[in-house]
Amino acid sequence: MSFADWLRADRLPHIWCSGCSNGTILNCTLAAVEAEGWDPDRTVFVSGIGCSSRAPGYISTDSLHTTHGRALAFATGVKLADPSLNVVVFTGDGDLAAIGGNHFIHACRRNIDLTVVCMNNLIYGMTGGQGSPTTPIGALSTTTPYGASEPAFDLVALAVAAGANHVARWTAYHVRELERAVQTGLETPGLSFIEVRAGCPTNYGRKNRLREVTDLAEYFRTKSMLKAKFDRLVAEGRPVPSDAIVVGEFVRRSNPAMGVVP
Amino acid sequence: MQGNTASAEGAIAAGCRFFGGYPITPSTEVAEAMARRMPKIGGVFVQMEDEIASIAAVIGASWTGKKAMTSTSGPGFSLMLENIGFALMTETPLVIVNVQRGGPSTGQPTMSAQGDMLQCRFGSHGDMAVIALAPDSVQEMYDLTVKAFNLAERFRCPAFLMADEIIGHMRERIELPDHVDVVDRRPLESGHLPYEAGEDGVPGFPVFGTGHRVHVTGLTHDERGYPVTTDPVLHEALVRRLVGKVENARREIADYRVTNPDAEVVFVCYGSPARAVQQVVADHPDLGLGILRLRLVWPFPEHALAEFPNARVFLVPEQNLGQVAREVERHVLVPVVSVPKLGGELHTPAELLRAIEEARSR
Amino acid sequence: MKLVIDENRCKGCNLCTLVCPYRIFRPGTRANRKGVLVPELDRPERCTNCRLQGLYGRTLCGVCQLTCPDQAIGWVRERPYEPAKIEVEY
Ligand SMILES: Cc1ncc(C[n+]2csc(CCOP(=O)(O)OP(=O)(O)O)c2C)c(N)n1
Ligand code: SF4
Ligand code: SF4
C-alpha cells in the first residue's frame with residue numbers, strides 16, 4: 001500500500017487550482033496515516049468549509065464535511081462518542097482561527113485525541129481571496145486592498161497556550177518533515193496541531209508577488225527557519241528576520257487528554 | 001419529578017447515550033440530569049463551549065451510531081440553526097429539546113413562551129420539513145422525548161421537543177413505564193449506496209467505522225454522498241425527497257387528542273396553554289366547547305381539523321402572537337381567532353372565556 | 001518500475017521540476033488535450049524508485065509523488081523480465 005491507495009480515485013482530479021498546496025498536504029497526511037498502519041475502515045476525516053476543507057471528500061474513508069468553522073466541535077462529538085475511531089481534522093486558517101476560533105482553543109484545552117492539520121494559506125481561498133486572521137500585515141487581499149493592517153494570529157502559539165499536547169509547524173515545501181510531524185501527531189495521545197504554511201497561488205500568490213507556483217515553493221524554502229536556529233538566535237540576542245517562518249516541533253507533552261481509549 | 005428531568009429520563013429510556021449541551025435557563029436541568037446520569041449508564045455527557053458546538057458534537061456522535069441529544073432555549077436555539085440545516089441535509093438523527101422562554105433576544109429567561117414554533121419550522125435556510133412535538137405535562141416531557149427519538153431515528157432527521165418554561169419547570173407525579181417501545185435506526189445494507197433511499201424516502205444509515213467509507217457533506221450530494229452542486233435536477237430531487245419523507249408521513253405520524261368533536265367552538269392548542277384550555281372546558285360543560293390538542297405540531301396535521309365537522313370557529317391560544325393560528329387559518333374556511341398571551345404566564349380562565357364570548361358573537 | 005505522469009490529473013504547476021533531486025522533470029512545452037503543459041521526463045530511468053523499489057519492496061525517495069498536489073505522479077510496473085534488453089556491465 002502507499003498513500004495513494006487512500007484516495008477516492010473516482011473523484012480525481014480534485015477541484016483545487018494548479019499548484020495549490022492543499023493537494024500536497026493531503027498527500028503528506030495520508031502518507032502519515034499509511035505509515036502508522038491505520039485501518040481506513042476505522043479512520044474518520046472531519047473538516048469545516050473552505051478549499052482546504054474539501055480534502056476529506058477525496059479520501060476513501062468515512063468523512064464528515066461540516067459547516068464553516070465547526071469541524072473541531074463535530075470531531076469532538078465523533079471522538080468522544082467512539083474513542084476507538086481514529087479522527088483527523090483538516091481545516092483552513094479562516095475556518096480554524098476566525099469563525100472557529102472558539103472551538104479551536106477549547107479543543108486544545110480539552111486536549112481531545114485528534115490530529116488537526118491546518119492548511120494556513122494566509123487567505124480565504126474559497127471565497128476569492130479575502131483577508132483572514134493570519135494575513136500578515138501589509139499583505140494584499142480583496143478586503144485589504146491597501147495592505148492588511150490588523151495583527152495576525154500565531155496559530156502555533158495559540159495551540160501551545162491553550163494546552164495541545166503536540167504542536168508543530170511546517171510548510172508545504174517540507175513534505176517529508178510534514179509527514180513525520182503528522183505521524184508524531186497521530187501517535188501522541190491528546191490534541192495534535194500541525195500548522196502547514198500553504199500556498200494559494202490563485203488568491204494569495206497573484207496579489208503578493210508570488211505569481212508562479214514555483215515562486216511560492218522557493219519562498220517557503222528560503223524563508224523557513226528551523227526552530228532550533230530561531231531559538232539560538234533569540235538566545236544570543238541576534239536579529240531574526242521578521243518574515244521568517246519558524247518551522248519544527250514546538251511542544252510535545254503528555255498532559256491528561258480526552259477521548260483516548262482507556 | 002420536574003419536567004426537564006423527565007425529558008432526560010425519557011431520552012435515556014429511548015436509548016440516548018450522548019448529550020452535548022450548554023447551560024441556558026430554563027432548560028439547564030435537562031443537561032444537569034444528563035451530567036449525573038450519562039456516566040452511570042456508559043453514555044457520554046459533554047458541556048460544549050456554546051450551542052453551535054453542542055449541536056455539532058451531537059451530530060458527530062450520531063454518526064458513530066449513538067442516539068444523541070442536546071437541550072437549549074431561544075438564544076441557544078438561534079445559534080443552532082445553521083447546524084440544524086446541516087443535520088437535515090445530511091439526514092442525521094438527533095433530538096433537540098427547546099424549553100422555550102420569552103424572546104426576542106435574551107427576553108425573559110425565566111418566563112414561559114412558545115415564540116420559537118415558526119423558528120423551528122422554518123429557521124434554518126433552505127426548504128425543509130421538520131418534526132416537532134409539544135408536551136403539556138411532565139408525563140409528556142417523558143413520553144414525547146421518547147417519541148422524538150423514535151421519529152428522529154426512523155426518518156433520519158432532527159426532531160424537536162418544543163417544550164415551554166411552565167412545563168419544563170413544573171413538578172408532577174409521573175409514571176415511568178416498565179417498557180418503552182424504541183425505534184432503532186435502520187443500518188445501511190451492503191450493496192446499497194449511502195444515500196440511496198428506500199420507498200419511504202429514508203436511506204439506511206452507514207455508521208462510521210463499519211466499513212461503508214461514506215462521505216457526509218452539507219453540500220448537495222448524489223446517492224454516493226459525493227458533492228454535486230450545480231445540477232438543478234439532482235438538487236431538486238434531493239430537497240424534494242428530504243421534505244417528502246416527512247411530509248408524506250404527515251397523517252401517519254400525526255399525534256393529537258380530540259375532545260368533544262361535535263363542538264361548534266373549538267380550541268386548537270399545544271404545550272402549557274392546553275392546560276388552561278382543559279380547565280376552562282371542564283369547568284363549563286354547558287358551553288359545548290371542543291379541543292384539538294396537538295402533541296405533534298409539525299408536520300401540521302391539517303386533517304385533524306376535520307374531526308370537528310360542526311366547528312364554526314377555531315380559537316388558538318398560544319404564548320406567542322399567533323404562530324400556529326396562522327397555520328390553522330390556512331386549512332379551514334371558518335374563522336380562526338388567535339388568542340395570544342405574552343409575558344410568560346398562562347392564559348387565565350377569564351381571558352379564555354372572554355375569547356369564547358367574542359368568538360360566539362361574531 | 002517506470003515513472004509516469006497521469007495526464008488526466010496533472011495541472012502543470014511544475015512543482016515536480018523543482019523537487020526531484022535528479023531533475024528528471026522538465027517544464028512541459030506542448031499543451032495536451034486539456035491545455036495543460038505536462039512536464040516532460042528526462043531519462044526517467046535515473047529515478048531512485050524506478051531502479052530500486054523492486055529490490056527494497058517500498059517506495060524510495062518519492063518526493064515528487066508526495067509533492068505533486070494533483071496526485072498525478074506514480075510508478076507502473078514495466079513489462080515483465082525481458083532478458084534481451086539487459087546490459088550487464090562487468
Ligand atoms: C457561516 C458561513 N459563513 C461564511 C461562509 C463562506 N465561506 C466559505 S469558505 C470561507 C473561507 C474559507 O477560508 P479558509 O478557512 O482560510 O479556507 P481556504 O479556502 O483558504 O482553504 C468562507 C468565509 C460559509 N460557508 N459559512
Ligand atoms: S483558491 Fe487557493 S486555496 Fe483554493 S484551491 Fe485555489 S489555490 Fe487552493
Ligand atoms: S507536480 Fe504534478 S501536477 Fe504539478 S506539473 Fe508535476 S506532475 Fe503535473
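Helices (H or I, at least four residues) and strands (E, at least two) are DSSP runs, numbered from the N terminus. This is a predicted model, in which local features need pLDDT of at least 70 and side-chain atom pairs count only at pLDDT 80 or more, while totals for chains, interfaces and linings use all residues. Residues are numbered from 1 along each chain as its sequence is written, chains are lettered from A and ligands numbered from 1 in the order in which they are written, and side-chain values use heavy atoms, with hydrogens and water left out.

Q: Where is A:Arg209, and why is A:Arg209 called exposed?
A: A:Arg209 lies in the loop between helix H7 (201–205) and helix H8 (213–223) of chain A. Relative accessible area under 20% is buried, over 50% is exposed, and in between is partly exposed (1.4 Å probe, protein chains only). The relative accessibility of A:Arg209 is 79%, and therefore A:Arg209 counts as exposed.

Q: What makes the phi of A:Arg209 worth noting?
A: Most residues other than glycine have a negative phi. A:Arg209 is not a glycine, yet its phi is positive, near 55 degrees.

Q: Why is B:Arg213 called partly exposed?
A: B:Arg213 has a relative accessibility of 26%, so B:Arg213 counts as partly exposed. B:Arg213 is found in the loop between helix H7 (165–169) and strand E8 (215–217) of chain B. Although not a glycine, B:Arg213 has a positive phi of about 50 degrees.

Q: Why is B:Gly74 called buried?
A: The relative accessible area of B:Gly74 is 11%, and therefore B:Gly74 is buried. B:Gly74 belongs to helix H4 (residues 74–90) of chain B. Leaving aside residues up to four places away in sequence, B:Gly74 touches B:Asn98, B:Arg101 and B:Asp116, a contact being heavy atoms within 4.5 Å.

Q: Why are H2(A) and H3(B) called oblique?
A: Axes are lines fitted to C-alpha atoms, for helices over the stretch in contact, with angles from 0 to 180 degrees between N-to-C directions. Under 35 degrees is roughly parallel, over 145 roughly antiparallel, 65 to 115 roughly perpendicular, and the rest oblique. H2(A) and H3(B) pack at about 45 degrees with their axes 6 Å apart, and therefore they are oblique to each other.

Q: Which residues make the contact of H2(A) with H3(B)?
A: H2(A) supplies A:Ala73, A:Phe74, A:Gly77, A:Val78 and A:Ala81, and H3(B) supplies B:Ala53, B:Ala56, B:Ala57, B:Ile59, B:Gly60 and B:Ala61. By class there are 9 nonpolar, 2 polar and no charged residues. Here Ala, Val, Leu, Ile, Met, Phe, Trp, Tyr, Cys and Pro are nonpolar, Asp, Glu, Lys and Arg are charged, and the others, Gly among them, are polar.

Q: What makes H1(B) and H2(B) oblique to each other?
A: The axes of H1(B) and H2(B) cross at roughly 45 degrees and come within 8 Å, and therefore the two helices are oblique. The contact is made by B:Asn4, B:Thr5, B:Ala8, B:Glu9, B:Ala11 and B:Ile12 of H1(B) with B:Glu29, B:Val30, B:Ala33, B:Met34, B:Arg36 and B:Arg37 of H2(B). These residues divide into 6 nonpolar, 2 polar and 4 charged.

Q: Which residues surround ligand 2?
A: A residue is near a molecule if one of its heavy atoms lies within 4 Å of it. Ligand 2 is surrounded by A:Trp16, A:Cys17, A:Cys20, A:Cys51, A:Asn121, A:Gly125, A:Cys200, A:Pro201, A:Thr202 and A:Asn203. This shell has 6 nonpolar, 4 polar and no charged residues.

Q: How does the shell around ligand 3 divide by class, and what are the counts?
A: The shell around ligand 3 divides into 8 nonpolar, 2 polar and 2 charged residues. Among its members are C:Lys11 and C:Asp70.
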